[in-house]
Structures are given as C-alpha cells and as structure tokens.
Amino acid sequence: MQKYCFALDLKDDPALIADYEKWHRQVWPEIISSIREAGITNLEIYRFGNRLFMILEADDTFSLERKAAMDAANPKVQEWETLMWKYQQAVPGAKPGQKWVLMEKIFQL
C-alpha cells in the first residue's frame, strides 16, 4: 500500500466552506469511480478552519502521473475540478495553478 498526504486551502468564507462540505456529502458517482479506477483504496479529507488535509491510500498499481493523465482525459473529472476551484485556493508556496500540494512525511511512530 502507498500513502500520500496533500494540503489545500479553501477560500476563507464560511458560506463557501459550508457549500464545499455539502458537495462532499454527495460526490458525483463518476468521481468516485475515477478515484477507484486509479487504484485508490481509501481517500479522506479533513478540515481545520479553511485548511484541508487529504490522505490518499492506494494499491501498487497507482501512480500520481497515471492519475493526473486519467483525470485530464475525463471530462466529468474536469467539470468537478472546475466546480471545486470556486471554493479552493492554493496554499502558500504552491506553484501557479497547483491545487493539492503533496506533503513531505517527516515523522512516523
């Protein structure tokens, strides 16, 4: 199993944050399918204030590059990502246009 952790910020607006959480209580089935088809076995998103933290666990067939290519070729995923960008903003230090930023593991017990 592979594990990846990512960070992303939401726009600091309580109404937008509430709407973003509402969307995540009813994620489109095509998005769930695309996640599973990429080899992702578990995906969790946590929020503190407007900061999001995502934990992604995947099988050995998964790669970030393959997932990016799959997403780029999937119009429904692109529609979802465009919709979500209404609520999201890059974390400080992200590259231009970068959404979820891969975090570096610095400790494990």
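## Two packed helices

A crossing of two helices is called left-handed if the near helix is turned anticlockwise from the far one by less than a right angle, and right-handed if clockwise. In this predicted model, the crossing of helix 2 and helix 3 is right-handed. Local features here need pLDDT of at least 70, side-chain atom pairs count only at pLDDT 80 or more, and totals for chains, interfaces and linings use all residues, while residues are numbered from 1 along each chain as its sequence is written and side-chain values use heavy atoms, leaving out hydrogens and water.

Helix 3 covers residues 64-72, and its axis lies 10 Å from that of helix 2, at an angle of about 150°. The two helices are therefore roughly antiparallel, a term for angles over 145 degrees.

## Where the helices meet

Ser 34, Ile 35 and Glu 37 of helix 2 meet Arg 66, Lys 67 and Met 70 of helix 3, where contact means heavy atoms within 4.5 Å. Sorted by class, this contact has 2 nonpolar, 1 polar and 3 charged residues.

Lys 67, which lies in helix 3, is buried, with a relative accessible area of 12%; buried means under 20% (1.4 Å probe, protein chains only). Leaving aside residues up to four places away in sequence, Lys 67 touches Ser 34, Ile 35, Ala 38, Ile 40 and Phe 62.

Conventions: Axes fitted to C-alpha atoms, helices over the stretch in contact; angles between N-to-C directions. Helix = DSSP H or I, 4+ residues; strand = E, 2+ residues; numbered from the N terminus. Parallel < 35°, antiparallel > 145°, perpendicular 65-115°, else oblique. Nonpolar A, V, L, I, M, F, W, Y, C, P; charged D, E, K, R; others polar. Buried < 20%, exposed > 50% of the residue type's maximum accessible area, 1.4 Å probe, protein only.
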